[in-house]
Amino acid sequence: MTWALGSVMRTAIGSFVLFLMFACFSAPLRAEPVDVEQQKIDYLIGEVAKLKGAHFIRNGAEFDVGKAVEHLQLKRRSAGARVKTAEDFIRYCATQSSMSGEKYRIRFASGETVDSAAFFEQRLAAYASK
């Protein structure tokens, strides 16, 4: 009887140790994709911040890059859990006004104007090729 009880205890302790190991080592693996995607979003917003002399066109008004960054960060926070990936960020936050539906555009210092969707998609592709 004592031998059987010892065997049960060893099995229970072994199972508990395996559970703890799984919980400790699998948690970072589950969190990693979110961290990578958040890094991509930070990169995209940073790319806007680097556009010297550019203007972000939203609902017919032009804003400097500082205001554009603030707006993108606000939309990111407002979107909450809906934004899980960089692609979600582009789709829900960086391409059009949620109020008017009007596309966002970027006018570079050179005078060239592009849809923000094209800008962000190009920058995301450049990030992926690093």
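In what order do the four strands of the open sheet stand, and is the pairing parallel or antiparallel? I read the order as β2-β1-β3-β4, with antiparallel pairing.

**Conventions.** I noted that this is a predicted model, where local features need pLDDT of at least 70, side-chain atom pairs count only at pLDDT 80 or more, and totals for chains, interfaces and linings use all residues. Residues are numbered from 1 along each chain as its sequence is written, and side-chain values use heavy atoms, with hydrogens and water left out.

**Overview.** I found four helices and four strands in the protein chain; these are DSSP runs numbered from the N terminus (helices H or I, at least four residues; strands E, at least two). Along the sequence the pattern is α-β-β-α-α-β-β-α. Of the 130 residues, 30% are buried, meaning under 20% relative accessible area with a 1.4 Å probe, protein chains only (exposed is over 50%, partly exposed in between). I also looked up contacts (heavy atoms within 4.5 Å). Among those between residues at least 6 apart in sequence, 55% join residues at least 24 apart.

I checked β1 (residues 55-58) against β3 (residues 105-107): they pair in the antiparallel sense over three bridges. H55 stands opposite R107 in β3.

**Helices on the sheet.** I took angles between N-to-C directions, from 0 to 180 degrees, with axes fitted to C-alpha atoms, for helices over the stretch in contact. Helix α2 (residues 65-79) packs on the sheet, touches β1 and β2, and makes about 95° with the direction of β2. α4 also packs on the sheet, touching β1, β3 and β4, at about 80° to the direction of β4.

**Helix α4.** I compared its length with expectation (1.5 Å times one less than the number of residues). The 13 residues 116-128 should span 18 Å, and the end C-alpha atoms are 18 Å apart, which agrees. Buried in α4 are S116, F119, F120 and L124. Seen down the axis, the buried residues fall within an arc of 125° (directions from the helix axis to the C-beta atoms), so they line one face of α4.

**D88.** I located D88 in helix α3 (residues 86-93). D88 is buried, at 13% relative accessible area. Leaving out residues up to four places away in sequence, D88 touches R82, V83 and C93.

Technical notes: Two strands pair if DSSP finds at least two bridges between them.
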